[in-house]
Amino acid sequence: MCAGFPDFRLGKVLATSFTGTLSERHGDAVERIPTPHRLVDWLAVNGLAVDSCTTAQLDLARELRESIHAAATAAAIQDALPASAVQVINDCSAQGRAAAVLTPEGERRWRLSSASCVEDALSVIAADAINIIAGERDGKLALCASPTCQAAFFDTSQSRTRKWCDMNTCGNRQKKARFHANQRKSPRSAE
């Protein structure tokens, strides 16, 4: 990873991991793909390697990210999906030339066109978003309980009651805050 940039927050669901490239949306926002090259890095880490990225493609990627976030948030709270977000997701899904391929280990990987471009990778992300928002995968969309985050995430836990988009960041931060608040409420007895 490039020095000077925040680490990527990787998850098991491509579309919601992509929305996590902007975190702390309701606090001090952290942009994890501030440059075209950083988007290339994120795509490579997620098995969607492309050769290069322009500023216009980065803008398109961010538009897709925000559209997925808006649609996933609406789905999580069982609200109507924003028409503009649906349009961006559908357009990005239709633009690409990617194919799902099966590995010898029985896993699905994505093969981008021979002249792989960002639009091909974005089409895979958009298709994944369609899949989870449409309810075609086992799990449910939820929103992070952190008041500064509120990221949409895909809960595949057995009970479907997960509260945090990422236990290592939002969950730990909230648990530490609760612990310190409880420590202040109950002073230690002097011995």
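# Walking through the fold

Visitor: Which residues does Leu14 touch, leaving out those up to four places away in sequence?
Guide: Leaving those out, Leu14 is in contact with Trp42, Asn46, Leu48, Val124, Ile125 and Asp128. Contact here means heavy atoms within 4.5 Å.

Visitor: What sort of model am I looking at?
Guide: This is a predicted model, where local features need pLDDT of at least 70 and side-chain atom pairs count only at pLDDT 80 or more, while totals for chains, interfaces and linings use all residues. Residues are numbered from 1 along each chain as its sequence is written, and side-chain values use heavy atoms, with hydrogens and water left out.

Visitor: Back to Leu14. Is it buried or exposed?
Guide: Leu14 is buried, at a relative accessible area of 15%. The cut-offs are under 20% for buried, over 50% for exposed and partly exposed in between (1.4 Å probe, protein chains only).

Visitor: How far is Leu14 from Asp128 in sequence and in space?
Guide: The two are 114 residues apart in sequence, yet 6.7 Å apart in space, C-alpha to C-alpha. Leu14 itself sits in helix α1, residues 14-19.

Visitor: How many helices and strands does the protein chain have?
Guide: There are six helices and six strands, taken as DSSP runs numbered from the N terminus (helices H or I, at least four residues; strands E, at least two). Starting at the N terminus, the order is α-β-β-α-α-α-β-β-α-β-β-α.

Visitor: How much of the protein chain is buried?
Guide: Buried residues come to 39% of the 191.

Visitor: Now α2. Which of its residues are buried?
Guide: Helix α2 covers residues 36-45, and Arg38, Leu39, Val40, Asp41, Trp42 and Leu43 are buried there. Their cover includes α1, α3 and α5. After α2 comes Gly47, with a positive phi near 75°.

Visitor: What does Arg160 pair with in a salt bridge?
Guide: Its partner is Asp138, with the closest N and O atoms 2.6 Å apart. Asp138 is in the loop between α5 (118-133) and β5 (140-143), and Arg160 in the loop between β6 (152-155) and α6 (167-185), so the pair ties together parts 22 residues apart in sequence. Asp138 counts as exposed, at 65% relative accessibility. A salt bridge needs a side-chain nitrogen of Lys or Arg within 4 Å of a carboxyl oxygen of Asp or Glu.

Visitor: How many salt bridges does the structure hold?
Guide: Nine. One of them joins Glu31 and Arg65, with 2.8 Å between the closest N and O atoms. That pair links distant parts of the chain, since Glu31 is in strand β2 (residues 30-31) and Arg65 in helix α3, 34 residues apart. Arg65 is buried at 3% relative accessible area, whereas Glu31 is partly exposed at 23%.

Visitor: Which residues are linked with those two in a network of salt bridges?
Guide: The network links Arg25, Glu31, Arg62, Arg65 and Glu66. Elsewhere, Arg109 and Glu107 meet in a salt bridge of 2.7 Å, N to O. Both ends are partly exposed: Arg109 at 45% and Glu107 at 38%.

Visitor: Last topic. At what angle do α3 and α4 pack?
Guide: About 130°, with the axes of α3 (residues 55-76) and α4 (residues 83-95) 8 Å apart. The two are therefore oblique to each other.

Visitor: Which residues meet between α3 and α4?
Guide: From α3 there are Leu60, Glu63, Leu64, Ser67, Ile68, Ala70 and Ala71, which meet Ala85, Val88, Ile89, Cys92 and Gln95 of α4. By class, the contact has nine nonpolar, two polar and one charged residues. Nonpolar covers Ala, Val, Leu, Ile, Met, Phe, Trp, Tyr, Cys and Pro, charged covers Asp, Glu, Lys and Arg, and the others, Gly among them, are polar.

Visitor: And what counts as oblique?
Guide: Angles under 35 degrees are roughly parallel, over 145 roughly antiparallel, 65 to 115 roughly perpendicular, and the rest oblique. The angles run from 0 to 180 degrees between N-to-C directions, with axes fitted to C-alpha atoms over the stretch in contact.
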